Amino acid sequence: MKRNSFGFVFFIKKTKLLKNGEAPIRLRITVNGYSVESQIKRSVIPEEWIKRTEQCKGRDRKSIETNEYIRSLKLKILSIHRELEMAGAHFTSRLIMDKLYGAEEKRTILAIFRKHNDDIRKLIGIDYEKRTVSRYDSCCNYLEEVIKTEYGKDDLSLNELNGELIRKYEMYLKLVRGCQQNTVIRYIKCFKKVVNMAIANEWLAKDPFYGIRFTAKEVNKDVLTKDELDVLINYKFQVERLEHVRDVFIFCCFTGLAYIDAHNLRPEDIYKDKKEMWITKTRQKTNIEFRVPLLHVPMDILNKYKDHPLCLRTGLLLPITSNQKMNDYIKEAAALCGIKKHLTTHTARRTYATTVCHENGVALENISKMLGHTDTRMTLHYTKISNSRISQDMEQVRAVFDSQDQKKAI
């Protein structure tokens, strides 16, 4: 392990004298070329300071006490440095200074977490979605319950944050909150972001997540087949709300729009080139622009609702209810159609990637652009490879080898 360069010095600044004519004594700690300074709440007449020995030359009581205080600080700094070296921990000049004055004791886990949440709350609509901030709030609240239950305290100092607390938090999420593995990982990521912030600010000497790994569970997401899409499109609903939700869902199945992007769709997001109509819009979630050609199915849906009272009142193109109601109603609609799959608004986006595009030969790169992805690896998570597509791709292979087998037989 590479050894850190380390040093410290006590000095005075003659150019910044106090009102009584004395110079404040300062401490500078340097680690790997990076220095931090602090006043030690002691001062001395400039002429009484010995630079070489870093002490006062006077024999009066004040000078003796100041020299003793400096000596005690030197011993404490050396002790802190030795402890950090023995522990093999990464440390900085700021960390040593904080430990010297007990600043790390004043910083607590929940206080830092709440401050982080308050900061990102101010950025809702700019860098964060409301639901993202809500997840951080829940993460903090659950952590508070763990600290109270497991440690009998309202909070813990930052230097008490270790792998044991992280494991207890994981167990709490699974056993008490009943979270599945992937949900646990989402909360852990929120927790880890706050920890990384503390490390970046040099409040933590060691990463408590070091050596801890969490593996996401592969989830097989449902998509609708072409036959199921046809059944859903042609079913005659007796309830108007189910018909509206079905139409919006089908619109997303043929455009790949996420719920929030379909919800906010306006006339200015539609344009016509020489051949066809397009949706061109910036994704709410990622602020990435995407372009999707409008097929006749989504065009018919837009025409159907162009005079709907809600659309006229809001200036939106579709009469969309809340995401929660959409998810509830589409399940109800699927049950009436005999579709035994777990449908959500996001199922439509996956159906567009798989059934509408990929199974009909659309290149992965183009699907990625239409979904507003920056990386085709993300698109692969949305695209389910069907047996029919595999069979299509193997036709040429089959033709080559079947022909060779025939020649051998002859």
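Which residues of helix 11 (residues 296–304) are buried? They are Val297, Pro298, Met299, Ile301 and Leu302. Here, buried means under 20% relative accessible area, exposed means over 50%, and partly exposed lies in between (1.4 Å probe, protein chains only). Helices (H or I, at least four residues) and strands (E, at least two) are DSSP runs, numbered from the N terminus. The cover over the buried residues of helix 11 includes helix 9, strand 6 (270–272) and strand 7 (277–282), where contact means heavy atoms within 4.5 Å.

Before going on, a word about the model. It is predicted, so local features need pLDDT of at least 70 and side-chain atom pairs count only at pLDDT 80 or more, while totals for chains, interfaces and linings use all residues. Residues are numbered from 1 along each chain as its sequence is written, and side-chain values use heavy atoms, with hydrogens and water left out.

**Helix 13**

Now find helix 13 (residues 323–336), which has 14 residues and reaches 20 Å from its first C-alpha to its last, close to the 20 Å expected at 1.5 Å a residue. That expected span is 1.5 Å times one less than the number of residues. Its buried residues are Met326, Asn327, Ile330, Ala333 and Ala334. Because they cover an arc of only 130° around the axis, they sit on the same side of helix 13; the arc is that of the directions from the helix axis to the C-beta atoms. An α-helix has 3.6 residues a turn, so residues three or four places apart point the same way. The buried residues of helix 13 pack against helix 9 (240–253), helix 10 (259–263) and helix 14 (345–357). On the other side of helix 13, Gln324 and Ala335 are exposed. Just after this helix, Gly338 takes a positive phi of about 75°.

**A cavity**

On a 1 Å grid over the protein atoms alone, a cavity is a set of points where a 1.4 Å probe fits but cannot get out, and lining residues have an atom within 4 Å of a point. Points are joined across faces, edges and corners, and a volume is the space filled by probe spheres set on them. The count comes to one cavity of 30 Å³ or more.

| Feature of the largest cavity | Value |
|---|---|
| Space | About 50 Å³ |
| Lining | Ile109, Ile112, Phe113, Leu158, Leu161, Phe191, Val194, Val195 and Ala198 |
| Elements giving two or more residues | Helix 4 (109–121) and helix 7 (181–200) |
| Largest share | Helix 7, four residues |

Definitions and conventions
1 Å grid on protein atoms, 1.4 Å probe; cavity = no way out; pocket = protein on both sides within 12 Å on 5 of 7 lines; lining within 4 Å.
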